[in-house]
Each structure stands twice: as C-alpha cells, then as structure tokens.
Amino acid sequence: MQSVAEALARLKELADSPTVATLAAAFDAAGYEISLVGGPVRDAFLGRETNDLDFTTDATPDEILAVVKPIAETHWDIGRAFGTIGALIHGHTVEITTYRADVYDGSSRKPEVAFGTSLVDDLERRDFTVNALALRLPRLELVDPSGGVEDLIARVLRTPSKPEVSFGDDPLRMMRAARFSSQLGFEVEAATLAAMSALAPEIDRISAERVRDELSKLLTTAAPRHGIRLLVDSGIAARVLPEIPALKLEIDEHHHHKDVYEHSLTVLDQAIDYEVSRGNLESPDLVVRLAALLHDIGKPATRRLEPGGAVSFHHHDMVGAKLAKKRLRALRFDNDTINAVSRLIELHLRFFGYTDAAWTDSAVRRYVRDAGDQLERLHILTRADVTTRNRRKADRLGFAYDDLEERIAKLAEEEEIAAVRPELDGQQIMAALGIRPGPVVGEAYKFLLDVRLDEGLIGPDAARERLLAWWAARAPAS
C-alpha cells in the first residue's frame, strides 16, 4: 500500500502522460466533465502497475465520439449501447463511459442501462468501494464518496451501498468479490460475505457467458485459491461450477483417502507455479488452470469403498473428462478450450504407470502422440498432480518424470515424434494396394501408424512390405 502522498504523485504522473493529458484537455475545452476512474486510481494507491485507462464523463456516447475523433488514431463504439466508446490515443487504448445507473428488473439476465449526470452517483453504483474512486481531470481532484481509500488501507472489499442492494442489482458482483479477493489479496467484509451466501441463488439470473468470463478472470489471477474457496463456501460454486464443492467427499471413518477438494486446490497452485517457472506457455494459461481445478471431478461418481479400508476411483479420468466437457459447454467456453481441458483430464493418469515398469520407446511415442499439442500442458498437470507429503515418493515421481521428458526430447530429436505419421501417405497406400479411396485406406493408414509408433522409422520400402503382408493376411476376410 502506497502512502496517500505517493499515490497522488503516481496519479499526477499518470495525468501528465500524453494520452491522459490530451484527453482531459479535449473534454475540458468541450465543456464536459471527465475523470480517471476505478482500477487505475485504485492501483496507484496499491503501487500496482496498470495498463487500463478507464474514464467516465457526463458526455453522452455521441458527444464522446465528437470529442474523441479529432484526437484519436482510431476509435470504436462496440460498447455504445452501454455508454462506452473506445479509442487509441498516443498509442494507448482508452475507454470512456457515460455516467451510468444500471438497473435490474429482478429477473432479466442483462442490465437495463440508464445514463446519469453525476460522478458521485456513478461511483456509488459501482461494485466495491476500492473501485469507486475517481480523479477529476484536469484539476486532479480525488473523489471518494464511500470510503474507498480507508478500505484500501484496511485491505477490505465492501460494497458502496448495502450489499443486498448491490448484489440484487447485479449478482455477478458476488463472483467479482471472489476474483478481487484473489487478485488484490483482500478479505471480504463480514456483511458483504453474509450477503453473498444469502443471495447465492440470484447468480442464476446471470448469463452463462458472463459467469464464464468472471470465472476465467478469477482463474487467471496470480493466486486464485482464495477466490475459489469464497465461491464454494458462499454456495455460489454449487450453482455455477457444482463439480468443485462435490469434491468435498464425505469421509468414512473406516476408509481413508486424501481430501480431494484440498488436493485439487493444491494441484491448481502447483500448476500455476510450473506454468510460470517452466516458461513454455504464455502465462496465465487458462487451459492449464481449468484442467488442474477439474482434473479429479470424476472421483465422486467413481468412488468405491473397498475391503480393508481402501478407497478406489477407477476410471475417474474418463468420467471426469466427460463431466468437464459437459460443464464447460454449459458455461459457453469455446470448443478449443473444451477439447483441450477434457483431453488433459483424460490423460492425466497416463504417466503414473511409468514408475511401475520401464516404458518402451513405443509407449513414449504414444504418450507424445496422444497428448498432441497439449504435451507441455500435460507435463505441467502431471507434475502438479503430485501432492504427497512423502518426500521420498514425491522425489521418485519427480525424477521419473524428468527421465520421461529427457526420453521425449531424445526421441523428438531423432524422429520428430511430435508429428508422427506413417511412412506412406494415403496416395501411396492406394497405389501399393491398387485400391480406390474408401474405409480400407483408413484401416491401412492406422496399421502403418501402429508400426511407426511401435518400431520407429523403418523406411518407406520396409513400410510398403509390411503393408503388403498385412493386406495379404486380411485378404481372405475381405
């Protein structure tokens, strides 16, 4: 937390930047109010870097456009219905929004937008006091009608109005509370937290797309665990991602197994650490984090209490992959994300046979081929899935996976296994067998692919001989 003097110095530096100064001067000359608002002001007090430049004004969208056009390199009005105009000024993206007063009718999934005329009223309708801060431009007046600076100092999330009113207006704010608690490391104030639990069913009014976007923002914070706990403990997760609270399996006094819910949160933490430390993915990586959080959601449906106190979860990988696909579709995630996450969950147990017996080169090739373009994410998920407190067991699994990655790298260098294909293509198969296009070409292709995976490169001539032998052996059955 910066001192107030340090925060004001940062804000003055920001206000003096070419982008902000140009915009402020243009609106002032046109006779309109304009203020820097929300995140940039909050982050100045927290000493956080911000790339967002959000402004609010009493000008209408048409009036905003009239002011912005002469000073912007380009502009867009995709958010015009909500009062927002975007622009590129001196190479920086800005968003300018007319003072607003969103009102929900209590059943609609979308807010009814009403434009306002007062900065203070606009701030008081925002989600949390720490985001209800504004810097009037160009005169650099800090506006804080609801005690946001005090809450920043206390590291507390609180709504400007009564939480029942705020969350009733927009229930998605309850999920934002979880996100900001993780993003900023703040605690949710007691009355606000109680309102989240009481109003959890209201989240059903929010569209799947908005829930998806907020969940994604939470998961891509540096440390999402606390926010996920808030969603689970408040009952909101039971309505938007019920598979996670379901991981809190009832513990039978005669059967012992690790806490699947806590294990999943730890896997998420560790996956984020690997994602960052390995540096092979653009971080934050939403697919890795979704897969880590959801990787064991098949366990509740597959749990079996075995004789002797053991607990089994046979095929929870396959069941979990199907459940993840169903849930992510319901949340309107894109197909690439759905397919990647479900594939990772399906494959996340594959490695654990590696420590039981040495894998052949064929098994390593198949591991790489089955992972496809998700191989790095599978490396991360598999390593993160080791949460045992037994240091010797953890080291054994870690060393084994180091060995597997070394073998993958060696085979990749020798054989380009990331793009394993048969040594004859479809045209060559048809020419060798004297056949036309049809299902049998696919069968032949699969046969040659198995040869390639099992034996590596044998050369086109040898591959052709193996194909002809396969063809002769199956001919009587044709």
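Me: At roughly what angle do the axes of H2 and H4 cross?
Reply: This is a predicted model, where local features need pLDDT of at least 70, side-chain atom pairs count only at pLDDT 80 or more, and totals for chains, interfaces and linings use all residues. Residues are numbered from 1 along each chain as its sequence is written, and side-chain values use heavy atoms, with hydrogens and water left out. The axes of helix H2 (residues 18-29) and helix H4 (residues 61-68) cross at roughly 120° and come within 10 Å. Axes here are lines fitted to C-alpha atoms, for helices over the stretch in contact, and angles run from 0 to 180 degrees between N-to-C directions. Helices (H or I, at least four residues) and strands (E, at least two) are DSSP runs, numbered from the N terminus.

Me: What are H2 and H4 to each other, then?
Reply: H2 and H4 are therefore oblique to each other. The classes are: under 35 degrees roughly parallel, over 145 roughly antiparallel, 65 to 115 roughly perpendicular, and the rest oblique.

Me: Is the crossing of H2 and H4 left-handed or right-handed?
Reply: H2 passes H4 in a right-handed crossing. Right-handed means that the near helix is turned clockwise from the far one by less than a right angle, and left-handed that it is turned anticlockwise.

Me: Which residues make the contact?
Reply: Leu23, Ala26 and Phe27 of H2 and Ile64, Val67 and Val68 of H4, with contact meaning heavy atoms within 4.5 Å. By class, that contact has six nonpolar, no polar and no charged residues. Ala, Val, Leu, Ile, Met, Phe, Trp, Tyr, Cys and Pro count as nonpolar, Asp, Glu, Lys and Arg as charged, and the others, Gly among them, as polar.

Me: How do H21 and H23 pack?
Reply: Helix H21 (residues 426-433) and helix H23 (residues 460-474) pack at about 55°, with axes 10 Å apart. That makes H21 oblique to H23. Their crossing is right-handed.

Me: Which residues meet there?
Reply: From H21, Ile429, Ala432 and Leu433; from H23, Arg464, Leu467, Leu468, Trp470 and Trp471. Seven of the residues in the contact of H21 with H23 are nonpolar, none polar and one charged.

Me: And at what angle do the axes of H11 and H13 cross?
Reply: Roughly 150°, with the axes of H11 and H13 coming within 10 Å. H11 and H13 are therefore roughly antiparallel to each other. The crossing of H11 and H13 is right-handed.

Me: Which residues of H11 and H13 meet?
Reply: Arg225, Ile228, Arg229 and Val232 in H11 meet a set in H13 made up of Tyr261, Glu262, Leu265, Thr266, Leu268 and Asp269. The contact of H11 with H13 divides into five nonpolar, one polar and four charged residues.

Me: What lines the largest pocket closest to its centre?
Reply: Of 47 lining residues, Asp54, Glu95, Arg176, Arg179 and Lys217 are the closest to the centre. H8 gives the largest share of the lining, six residues. By class, the lining of the largest pocket has twelve nonpolar, 14 polar and 21 charged residues.

Me: How many cavities of 30 Å³ or more are there?
Reply: Two. The largest cavity has a volume of about 60 Å³, and its lining is nine nonpolar, no polar and no charged residues. Leu215, Ile228 and Leu293 are among the residues that line the largest cavity. The second largest cavity holds about 40 Å³, and its lining has four nonpolar, one polar and two charged residues.

Me: Last topic, backbone. Which residues does a cis peptide bond join at an omega of about 0°?
Reply: Leu137 and Pro138. Pro138 sits in the loop between strand E6 (134-137) and strand E7 (141-143). Leu140, in the loop between E6 and E7, has a positive phi of about 60° although it is not a glycine. Ser283 and Pro284 are also joined by a cis peptide bond, with omega about 5°.

Notes:
On a 1 Å grid over the protein atoms alone, a cavity is a set of points where a 1.4 Å probe fits but cannot get out, and a pocket is an open set with protein on both sides within 12 Å along at least five of seven lines; lining residues have an atom within 4 Å of a point. Grid points are joined across faces, edges and corners, and a volume is the space filled by probe spheres set on the points.
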